[in-house]
Each structure stands twice: as structure tokens, then as C-alpha cells.
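This report describes one protein model for a reader who works with coordinates. It covers ring contacts, sheets and overall totals.

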Amino acid sequence: DRLGPDTDARLLTPPETERMLPGTDAAQYRGALHMPSDGHADPRRAAPAIAREAIRLGARLFQNCAARRIATHEGRVRGVETERGLIRCEQVVVAAGVWASLLVRRLGVDVPQLYGFATASEVGSAPLPAQIGGSAGGVAFRPTPDGTHVIGPHLSLAPITPSGIRNAFRFRHVLRRLGHVVDLAPSLSHYRFMRRAERWTGTGPSPFELCRILEPEHRRYSEFAALNGVARTFRDGEKARLLRSWGGALATTPDNMPIIGPVPGYPEIHLACGMYYGFTFGPVAAALIASRVLGALPPVDPTPFDPGRFSGG
């Protein structure tokens, strides 16, 4: 009853938990949450599929073409300057992830974001349920079409950057609430790169050309935390065998809510960033931005995501 009438989620007892996740020690759980309508997807397959569908519907996709700045004249958007020239347009959507703050900063707009790095690992021979994706023992997991599993600990690394130091006080509530899953990750080379990037004046080659794909380093202890979490949770089967690992970037805001909507002072520029789980929240953000650009009724109330909510500090 506490879950509400509009959800198909169901609380499970420990015996039911063990039946759904064979090999677990049910005694360590007070219960579990089962959502039959939930699913899982592989971003490596989903992203190209989304791109192909967008092209089929008329979108034009330019890869290896870094943006340099949003061109404006007398407060109106003229287009986007790229390394290949100017793309003229009347409206711009900035969905640049951790780079969004830097891109609109040239317009005098402050977009507070704190970003972190997360590590995912693919493992074989893992004692995990064959067709179930979920989370247990501090580890999230999902199966792949190849019979392996992708796992990751509930742990992110927050790199120390000049903007992170400046915004530390603004993010004190987030860091306090997420402190158990966020570790500071000192990296002198990354700090120097971000300091150089923030000094960029908007002319000449941009930081987005120097770092075309932000592929963060992954730490060994993140791999260890994931493998150890699997070993603690699932007592049966073979030991998980690490096949490969990779890093990804994620971002959050002072209130841990995404930033979706028009840039203050520039109603033709729309932000879609600050999403801690972008792959999950992406479809909602896309629907909100599309309704804004097309002048349609938004599917949900956009007020909690308004970029202007931070203008008062």
C-alpha cells in the first residue's frame, strides 16, 4: 500500500527474494522490491539505434565536429560556431553533459554542476541471475546478450577541479547526502586540464576539441568493490571473472535535480544537463525539451528542473 496504486512494484519477503535471486543469503535481507515492468538496456546498442531513428526522421548528425561557442547578436541566437564553421539556427539545445557549464559560461550564465566518474565492469562466470537486472549488496548488475554481466558498485569518484573548489559550499548538501557513495579523486593532470579549459575565452580551438571523448580513468578499487559486492551477495556459483572495465562521467546539481529548460536571459537556448543518471532520465528530458522548442504542452511539470532556480545563489 505504501508504494501507491499506480505502480506495479511489490515488496518481497526474504524467502521470495531468495527464489528470485538464487544463491543469495536471504537472511541478510529484510525484503526486496520487484518491479516486473522495469527493464534494462545496453547503451552501446541503444545509442546507435536512437541515432539511426533520428536520422530516419530527418535529423542530421555531425560527428567529430566540436562546438566552439553559441553565436548571439543583440541577445538573440544566431547559431553555433563549430570547428567546421557556423551552423545557423534560431534555437539551440545544449545537452553537453559535464561540458554544458563551460559552453554557456561565455554568455555569462552560471550552470552549477558537480561531476564524477563511475566505473563499470564486464564479468563472466558470475553467480548472477541469468535474465534479471537489479541491485543487491551495493552492486548494480544487468545481463548482456553475450551471456556475461555488467556490474558496478554504488560508488563515484569526484575529481578535484577549480570549479568544484569554487562550488564546494553550494554543493555541501549533496556531498553530505551522497558522501557514502562519492569519493574524492585527486588527479593533477585532470586538474591542470580543467584549469586550462576554464581559461578558454571562446575563440580559437576549444577544450571540446582537445578532449573529444571524456573517457575517465577507472580505479582498481572500484573494480574490487564491485567484485567483492557480488561475492558477498551471491554465495553459489563460480567466482566472477573480470573481462574488462571502463569509466563514464555523470553530473549532479546543488539540489540533485536535472537542469532542463531555457537559459535565463536567452529563451532560445535550452539546457538539458545535470542528470546523475542520464541514460535513465534522457527520454523524459527529451520530451520536455521537445515540448519547449515546439511550443507544446509539457508531459510533466517542468518547474522543478528550471535552470533559473539557481539564479539567487
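## Ring contacts and sheets

Arg172 lies over the face of Phe169, 3.8 Å from the ring centre. Arg44 sits likewise over the face of Trp246, at 5.8 Å from the ring centre. A charge counts as over a ring if NZ of Lys or CZ of Arg is within 6 Å of the ring centre and within 35 degrees of the ring normal.

The model is predicted: local features need pLDDT of at least 70 and side-chain atom pairs count only at pLDDT 80 or more, while totals for chains, interfaces and linings use all residues. Residues are numbered from 1 along each chain as its sequence is written, and side-chain values use heavy atoms, with hydrogens and water left out.

A search of the whole structure finds five aromatic pairs. Rings of Phe, Tyr and Trp (its six-membered ring) pair if their centres lie within 6.5 Å; planes under 30 degrees apart count as stacked, over 60 as edge-to-face and the rest as tilted. Two of the pairs are tabulated.

| Pair | Centre to centre | Angle between planes | Class |
|---|---|---|---|
| Trp99 and Phe208 | 5.6 Å | 70° | edge-to-face |
| Phe281 and Phe305 | 5.7 Å | 70° | edge-to-face |

Trp99 is in the loop between E6 and helix H3 (100–105) and Phe208 is in helix H7 (residues 207–210), so their pair ties together parts 109 residues apart in sequence. Helices (H or I, at least four residues) and strands (E, at least two) are DSSP runs, numbered from the N terminus. Both Trp99 and Phe208 are buried, where buried means under 20% relative accessible area, exposed over 50%, and partly exposed in between (1.4 Å probe, protein chains only). Ring pairs also link Trp99, Phe193, Trp200 and Phe208 into a cluster.

In the other pair, Phe281 belongs to helix H9 (residues 278–294) and Phe305 to the segment after H9, 24 residues apart. Phe281 is partly exposed, at a relative accessible area of 24%, whereas Phe305 is buried, at 9%.

Strands E3, E4 and E5 form an open antiparallel sheet in the order E3-E4-E5. Strands pair if DSSP finds at least two bridges between them. E4 (residues 76–82) and E5 share four bridges, and Val80 has Ile87 of E5 as its bridge partner. Another open sheet has the order E6-E15-E14 and mixed pairing.

Overall, the protein has nine helices and 15 strands, and 40% of its 313 residues are buried.
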